[in-house]
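Thanks for coming, everyone. I'd like to walk you through one protein chain this morning, from the overall build down to a few single residues. Have a look at the screen first.

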Amino acid sequence: MGDDLLGWAKDARARTLRLAATLDPDQLLGPMLRIVNPPLWELGHVGWFQEKWVLRHAAGRRPLRPDGDALWDSIAIPHDSRWSLPLPTLAGTLEYLAEVQDGVERLLRRGDADPYFVALTVLHEDMHAEAMTFSRQTLGWRPPDPRGAGQSAGPAAGDLAGDVEVPGGTLRLGAEEDGRFVFDNEKWAHPVALAPFRIARAPVTQAEFARFVADGGYRRRELWSEAGWRWREAAQAAHPVYWEPDGAAGWRRRDFDRLVPLEPDRPMVHACWFEADAFCRWAGRRLPTEAEWEAAAAGERGSDGRLAPSKRRYPWGDVAPSPSLAHLDARALAPLDVAALPAGESAFGCRQLLGNVWEWTASPFLPYPGFVPDPYREYSQPWFGDHVVLRGGSFATPARLLRNTWRNFYTPDRRDPWAGFRTCAA
């Protein structure tokens with residue numbers, strides 16, 4: 001895989017420990033909700049997952065704790081039971097994490113670690129770090145400080161209106177077999193025929209979404225699908241989840257534990273798929289399929305004017321992400337304006353396809369042709385069919401997780417992730 005796995009492992013664990021260090025005693029368990037885990041349980045789980053796959057499965061070690069599987073196996077332990085388990089104290093959990101980390105680092109330094117399983121467990125820990133961060137937003141807790149919290153999200157950059165045209169042709173959707181780590185749901189690249197389409201240069205902004213709200217978007221039944229309207233009524237949704245009326249000024253938005261004025265040129269965030277779909281009907285637009293999204297992010301125009309057979313690893317090319325190209329790694333815990341980071345545009349002129357906010361697509365989360373689950377069989381397979389694909393990553397996503405083929409997936413009712421959307425011409 002050619003990556004610095006020791007550096008990856010140390011960095012991921014340091015990020016987890018920074019998140020743990022900002023928990024107040026009454027936040028170790030927190031309230032029982034369907035969309036969050038108890039933080040104390042989640043901290044132990046990332047260590048257990050690494051121990052299971054690197055130390056026990058790949059290296060043949062005995063369990064470090066006889067009760068580890070009974071405490072932290074997310075497949076065997078029902079979600080609601082995680083608040084009542086006899087979990088170790090925070091100090092005991094951190095000691096366990098240190099013991100696992102020491103064992104993994106020793107294997108890596110000796111060259112005895114299986115690189116696939118190290119990468120799997122580091123990237124799994126990265127996903128939990130992002131989830132633990134947006135759980136604080138869900139619960140209204142103060143923001144964590146993973147890397148300079150309180151820094152400005154960046155200078156004002158404004159809106160970025162308009163569409164770009166992506167030519168038709170054949171896209172090889174998914175990851176190619178090049179020896180680098182990918183998850184099983186990205187396997188393998190296969191041809192998909194695409195007609196030419198037009199896609200927005202940038203995600204929908206909060207100002208645009210506010211116009212949808214002002215025009216009765218949450219009251220107009222004709223804008224919603226059957227399932228979307230059922231969700232809206234059950235959730236009693238009359239506006240975005242963290243918005244509050246602010247008199248003549250319009251709206252305020254809850255940002256972790258404080259209210260801030262709505263930032264008009266930042267991307268819409270914490271929108272569920274049903275809300276994104278209703279907005280598209282109101283605007284006379286549609287969501288892109290995941291193949292269209294990947295073509296806009298990875299494709300190039302060939303000499304014949306159609307999609308070239310080659311693809312880029314990232315929207316801007318094959319150079320790894322940096323702060324001038326993509327807003328990732330929780331460098332600031334808020335999105336940038338949608339016109340920021342012009343150096344990160346795709347070949348067709350789309351901006352911020354990686355980082356800033358996750359983007360919903362029109363595509364259900366389904367296996368690619370010939371799908372075979374990887375050893376961690378529960379990562380993708382149980383979720384096919386009732387989840388929807390998101391692409392691109394958010395400002396809190398660790399950069400090493402992402403590439404143009406990376407597929408995220410949530411149920412269409414989820415409003416807690418840092419997710420927005422961009423639209424296509426209908």
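Take F212 as an example. Leaving aside its neighbours within four places in sequence, F212 is in contact with G217, Y218, L223, W224, A278, F279 and W282.

Some housekeeping before we go on. This is a predicted model, where local features need pLDDT of at least 70 and side-chain atom pairs count only at pLDDT 80 or more, while totals for chains, interfaces and linings use all residues. Residues are numbered from 1 along each chain as its sequence is written, and side-chain values use heavy atoms, with hydrogens and water left out.

Now the overall build. The chain has nine helices and 13 strands; these are DSSP runs numbered from the N terminus, with helices being H or I of at least four residues and strands being E of at least two. The radius of gyration, taken over C-alpha atoms, is 21 Å, close to the 22 Å that the globule rule gives for 426 residues, so the chain is as compact as a globular protein of that length. That rule is 2.2 Å times the number of residues to the power 0.38. Along the principal axes, the C-alpha atoms fill a box of roughly 60 × 55 × 40 Å.

How much of the chain is buried? Buried residues make up 59% of the 426, where buried means under 20% relative accessible area with a 1.4 Å probe, counting protein chains only. Of the contacts between residues at least 6 apart in sequence, 77% join residues at least 24 apart.

Let's go inside. A nonpolar core here is a set of buried Ala, Val, Leu, Ile, Met, Phe, Trp, Tyr and Cys residues joined through side-chain atoms within 4.5 Å. The largest one has 116 residues, and our friend F212 is among those with the most contacts inside it, along with L120, F209, W224, W360 and F421. Helix α5, residues 115-139, gives the largest share of this core, 11 residues.

Next, V389, in strand β10. V389 is buried, with a relative accessible area of 0%. Beyond its neighbours within four places in sequence, V389 is in contact with E290, E359, W360, T361, S363, P364, F365, R407 and N408.

Is D374 buried or exposed? It is buried, at 13% relative accessible area. With neighbours within four places set aside, the contacts of D374 are Y116, V182, F183, D184 and K187.

Most residues other than glycine have a negative phi, and most peptide bonds are trans. Here, though, the peptide bond from K187 to W188 is cis, with omega near -20°, and W188 sits in the loop between β2 (169-173) and β3 (190-194).

L341 is buried at 15% relative accessible area, and Q352 is buried at 4%.

That's my tour; happy to go back to any of these on the screen.

Terms used: Buried means under 20% relative accessible area, exposed over 50%, partly exposed in between (1.4 Å probe, protein chains only). Contact means heavy atoms within 4.5 Å.
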